[in-house]
Amino acid sequence: MTVKLDLADLTLRPWEPGDAEALAVLADDEELRRWTSHRVAGLQDAVRWIAMQEAGWESGERLSFAVLVTGRVMGHIVLKRSEGEACGEVGYWTGAPARGLGVASRAVELLTGWAFDTGTGAGFHRLELIHNAGNPASCRVAQKTGYVLEGVLPPRARNEAEGHLHARERVITRH
């Protein structure tokens, strides 16, 4: 399944092999490594990582998108399917050139709309967004896009901080 989502100058589309160089450049960012588990070290690793994203599409478990602004790769967003449920988790990051420009919140809103769409999208009924509790920018993105803070999660691995669990439910309209 090939999915491409557009909103003005913002596009979400599956990662492509030709994105490897841009990914390697964006991933070479201390701030990105500070807040995410995302690790890509150089061009060969970027090629490998993109192949893993393609496998996620094939299995339907990880629907991973490159975030493009005016045709330039600026970040990543993923929709992870929870086992056996119409529930998923949204994860994202943006590269340094996109930070502070509203790219993350626009990408989260676009993906969320598609994920909740029962006609053309994934048809989820609940989405969760989990981020490092010490990252106020991610908290603002979650709040701005309608994800309500539901709780604080304990650290999941050694040396990790607490997490914030935000969630959003699909609104069901009755006619």
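Student: What pLDDT does the chain average?

Tutor: The average is 89, and 94% of the residues score at least 70. pLDDT is the predictor's confidence in each residue, from 0 to 100. Where pLDDT is low, the predicted coordinates should not be read in detail.

Student: How many helices and strands are there?

Tutor: The chain has five helices and eight strands. In sequence order they give β-β-α-α-α-β-β-β-α-β-α-β-β.

Student: Why is the chain called as compact as a globular protein of its length?

Tutor: Its radius of gyration is 16 Å, and the globule rule gives 16 Å for 175 residues, so the description holds. The radius is taken over C-alpha atoms, and the rule is 2.2 Å times the number of residues to the power 0.38. Those C-alpha atoms fill a box of roughly 50 × 35 × 30 Å along the principal axes.

Student: Why is Val73 called buried?

Tutor: Buried means under 20% relative accessible area, exposed means over 50%, and partly exposed lies in between (1.4 Å probe, protein chains only). Val73 has 9%, so it counts as buried. Of the 175 residues of the chain, 46% fall in that class.

Student: What is Val73 in contact with, leaving aside its neighbours within four places in sequence?

Tutor: Val73, in strand 4, is in contact with Arg13, Trp15, Asp19, Ala22, Leu26, Val67 and Leu68. Contact means heavy atoms within 4.5 Å. Ala22 is 51 residues from Val73 in sequence, yet their C-alpha atoms are 6.5 Å apart.

Student: Why does Gly134 count as partly exposed?

Tutor: Gly134 has 43% relative accessibility, so it goes in the middle class. Gly134 sits in the loop between strand 6 (126–132) and helix 5 (136–144).

Student: What makes Asp28 exposed?

Tutor: Its relative accessible area of 60% does. Asp28 belongs to the loop between helix 1 (20–27) and helix 2. From Asp28 to Ala66 is 38 residues in sequence and 16 Å in space, C-alpha to C-alpha.

Student: What is the phi of Ala8?

Tutor: Phi of Ala8 is near 55°, a positive value in a residue other than glycine. Ala8 is in the loop between strand 1 (5–7) and strand 2, and at 80% relative accessibility Ala8 counts as exposed. Thr70 also is not a glycine and has a positive phi, about 45°. Thr70 lies in the loop between strand 3 (62–69) and strand 4 (72–81).

Student: How do you know that Thr70 is exposed?

Tutor: Its relative accessible area is 65%, so Thr70 is classed as exposed.

Note on methods:
Residues are numbered from 1 along each chain as its sequence is written. This is a predicted model: local features need pLDDT of at least 70, side-chain atom pairs count only at pLDDT 80 or more; totals for chains, interfaces and linings use all residues. Side-chain values use heavy atoms; hydrogens and water are left out. Helices (H or I, at least four residues) and strands (E, at least two) are DSSP runs, numbered from the N terminus.
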